[in-house]
Amino acid sequence: MQILDSYIPVLGVLKRKETDFLNLIRSRKDVLLFEITPENRNIMSGVIFDELLKITSFESGNHHLDAESYEETARKVFAPVYSLIAEQIKEKTNITAGLCLDVGAGTGHLGIALAKITELNVCLLDCSREMLAIAGKNIVAAGLQDRVHTLWGNVYNLPQQDGTVDLVISRGSLYFWADKKCALKEIFRVLSPGGMAYVGGGFGSPELKRKIDAQMQARDGCWEKNMNKRVRATENLDYKQLLADLDGLNLEIINDEANMWLLMRKNINYQAGTACAE
Ligand SMILES: C[S@@+](CC[C@H](N)C(=O)[O-])C[C@H]1O[C@@H](n2cnc3c(N)ncnc32)[C@H](O)[C@@H]1O
């Protein structure tokens, strides 16, 4: 117990059986339990790794975003980015009806902006309940309760059935995914044949990026350093190589001064079960 009471993170395995000692560990508020089953064991490494990153990222505190302050920044600084990127997604994918899944939706601004200019039903998915609570209020404020809703979940284990999502969007979340290959394969799994995913991050235009960088640097002196660190950690990734074994995937990479997007399209003739399983 001494080590559990310390600040040192502990990763351990608990047997299923009930003993006073094991129950005491299970009941602690600071213990996070993951159930590993034959069905989920391939994806759980990513989920657990991400949780460990959140706990151990003492240096920047970057992996754990505080929902209230994120929302404040989204409203005061990022606001113009969402409508611009929503327009870009609409133009690039041409998907304006059906089901859209916003993965790592945070407080919901991108999904909401896209719902406003399309007829899409939008599911705002995030692993943070705090972010989703704020997203729920933003949906109501936009009067979009009939077409936009929130869903708690994790990119490594999306709740959607295979081939059921017309459009996946995701801004700024990829940088937090420890196992990008597993996450992107999961996104591909839920795409319908002919469906598309627009996943990555960015600020829409170089002008907007410059303006936001300056505003953010003034608010948080570590902004550029942390931003660069996160982007650097992914910039050398060869996504084509990473996803080379996904049959039926057409991948375009948009990488400019202000954005990095993976534009994934699932072949219209894709037959479920022919690819993607490891
Ligand atoms: C930088 S925020 C971006 C929020 C929103 N997309 C936006 O553009 O304002 C990243 C979001 O990804 C979420 N996230 C990180 N890892 C995730 C995972 N494994 N599954 C689902 N969401 C995740 C975080 O909780 C956070 O809300």
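This is a predicted model: local features need pLDDT of at least 70, side-chain atom pairs count only at pLDDT 80 or more; totals for chains, interfaces and linings use all residues.
Biologist: How many helices and strands does the chain have?
Modeller: Helices (H or I, at least four residues) and strands (E, at least two) are DSSP runs, numbered from the N terminus. On that basis the chain comes to nine helices and seven strands.

Biologist: What is the radius of gyration of the chain?
Modeller: The globule rule (2.2 Å times the number of residues to the power 0.38) is set against a radius taken over C-alpha atoms. For 278 residues the rule gives 19 Å, and the chain comes close to that, so it is as compact as a globular protein of that length. The radius of gyration is 19 Å.

Biologist: Is helix 3 oblique or roughly antiparallel to helix 7?
Modeller: Axes are lines fitted to C-alpha atoms, for helices over the stretch in contact, and angles run from 0 to 180 degrees between N-to-C directions. Angles under 35 degrees count as roughly parallel, over 145 as roughly antiparallel, 65 to 115 as roughly perpendicular and the rest as oblique. The axes of helix 3 and helix 7 (residues 206-219) come within 9 Å and cross at roughly 155 degrees. That makes helix 3 roughly antiparallel to helix 7.

Biologist: Which residues of helix 7 make the contact with helix 3?
Modeller: Contact means C-beta atoms, placed from the backbone, within 7 Å. Helix 3 brings Val77, Phe78, Pro80, Val81 and Leu84. Helix 7 brings Leu208, Ile212, Gln215 and Met216.

Biologist: Is the crossing of helix 3 and helix 4 left-handed or right-handed?
Modeller: The axes of helix 3 (residues 67-93) and helix 4 (residues 109-117) come within 8 Å and cross at roughly 45 degrees. That makes helix 3 oblique to helix 4. A crossing is left-handed if the near helix is turned anticlockwise from the far one by less than a right angle, and right-handed if clockwise. Helix 3 passes helix 4 in a crossing that is right-handed.

Biologist: How many charged residues are in the contact of helix 3 with helix 5?
Modeller: Helix 3 and helix 5 (residues 129-141) pack at about 45 degrees. Ala67, Tyr70 and Glu71 of helix 3 meet Glu130, Met131 and Ile134 of helix 5. Ala, Val, Leu, Ile, Met, Phe, Trp, Tyr, Cys and Pro count as nonpolar, Asp, Glu, Lys and Arg as charged, and the others, Gly among them, as polar. The contact has four nonpolar residues, no polar ones, and the charged residues number two.

Conventions. Residues are numbered from 1 along each chain as its sequence is written. Two residues are in contact if their C-beta atoms, placed from the backbone, lie within 7 Å.
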